[in-house]
Amino acid sequence: ISRYCNTYRCRGFHLAEALGADGKLAAAETLLVGLTRDPSLDIRAEAGFRLARLRASMGNLQGSASALRRVLEEQPDATVVRLELARILSLMGEDGAASAQLRRVHSADLPPEIAEIVQRFSLALRSRRKTGASFEFGLAPDTNISRSTSKETVDTIIAPIYLDRDARARSGVGLHVSGQAFARIGDDSHLNFMVRGSGRSQLYKENKFNDVSLALALGPEITMRSAKIRPAVSINYRWVGNEIYSRSFGGGLNISFPFEKVDRLELNLNLLKSTHPNLKRQNGNIGSISLAYERALSPKTYMRVSTGISRQNAKSPIFSNTSAYADGLLSHDIGGFTVYGRVLRAQIKADEAISLFGARRNDRTLEFGGGIVAQRLKFRGMSPVLRVTRTKNDSPIDLYEYKRLRFEFALSKEF
């Protein structure tokens, strides 16, 4: 931030400091807010930074973060401002957002002494937080809530089968609710115990289309230098139409480590035993491996790519399958908003054909999505989120072909 100002403006800054020293914080805040509207970019940035510091001292962390984000909208390469925003976000308990800001700081060329400070801050941030949670809810209009084919009849080796209304694509508006939380037990810098839980639900007026899933994972967290190693025992439940659809129990391993300061690599391994009370032929074991890479391309731009493969061995060969996917995401900050785009390509291939259709599943899925997160437009501490997703699934079996367009209008908050 430039320290340049003319005599008149300098008097404004000096007066704000004097008012603050006298305890007249509201008056000092009003004066600095006025200076953030100055025609000079340097003066606006200086006033915004001072305003953020003042609001933080008043206990208004949300207002402080808002002032810093406004400065970064005009000066995204202001390292000191971004570091201060990371500090404020960590005080607010938004450690994920704080870590993202630090990776963006690292994407710029930093003097060695500043880079060392940032690295120490990053390590402290990753290890000190004991609990955390995030929550999101909103409305989700969807052209195909059951991911079903739109065809009225599907071909079989005997004769075409007519599908009733419930078996075909149905549109609807659902209530979308999701959340996740964690607790870290212990104070050791190298070994602690982690409890992690997550849930997601899509609720509709017709209960038979409801889809709810819950997951719980327990295990140690081992820190080796900057890497995190998390072996865990996990249990997962899913309900469809208010009836249990599946439950699974098993273990997994998550390894996450940053490298080259702006990059992070994450490896996941899982092995689960899955049961389906209403479709026992689908019972079996599921093994999966995935790898994700993320990088801060600049202080305002972020990317993430991931790929994975999964194998399910079921009692019936028609339900045994191998699947794989590749996923990419790119996001960019624009004027207090984060916009992103995403593309997913996936394939699932069954071991054997379904005799009635004379073919085996060999589905190919292509999904495009995008969205906006409006951090600047807070509503009671929650950020508005808009998402749109277009999905197309091709299959040699007509029953599994479908198209889908889904919107989500939600509010999101980290605790």
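Student: Does Lys273 count as buried or exposed, and at what relative accessibility?

Tutor: Buried means under 20% relative accessible area, exposed over 50%, and partly exposed in between (1.4 Å probe, protein chains only). At 53% relative accessibility, Lys273 counts as exposed. This is a predicted model, in which local features need pLDDT of at least 70, side-chain atom pairs count only at pLDDT 80 or more, and totals for chains, interfaces and linings use all residues. Residues are numbered from 1 along each chain as its sequence is written, and side-chain values use heavy atoms, with hydrogens and water left out.

Student: Which residues form the positive surface patch?

Tutor: Like charges are joined within 9 Å, and nonpolar side chains (Val, Leu, Ile, Met, Phe, Trp, Tyr) within 5 Å. Here Arg247, Lys273, Lys280 and Lys315 form the positive patch. Lys273 is placed in strand 9, residues 263-275; strands are DSSP runs (E, at least two residues) numbered from the N terminus.

Student: Which residues make the nonpolar surface patch?

Tutor: Ile372, Leu386, Val388, Phe407 and Phe409 make a patch of about 370 Å², with areas from the Shrake-Rupley method. Strand 15 (383-394) and strand 16 (402-414) each contribute at least two of its residues. Ile372 belongs to strand 14 (362-373) and is partly exposed, at 34% relative accessible area.

Student: Where does Gly241 lie?

Tutor: Gly241 sits in the loop between strand 7 (227-240) and strand 8 (243-259). Its C-alpha atom is separated by 8.5 Å from that of Glu206, 35 residues apart along the chain. Leaving aside neighbours within four places in sequence, Gly241 is in contact (heavy atoms within 4.5 Å) with Asn207, Lys208 and Asn210.

Key:
Patch = residues over 30% accessible without salt bridge, like charges linked within 9 Å, V, L, I, M, F, W, Y side chains within 5 Å. Areas by Shrake-Rupley, 256 points an atom, 1.4 Å probe, with all protein chains shown as cover. Salt bridge = Lys/Arg side-chain N within 4 Å of Asp/Glu carboxyl O. Lys, Arg positive; Asp, Glu negative; His and termini not counted. Charge placed at Lys NZ, Arg CZ, Asp CG, Glu CD. Helix = DSSP H or I, 4+ residues; strand = E, 2+ residues; numbered from the N terminus.
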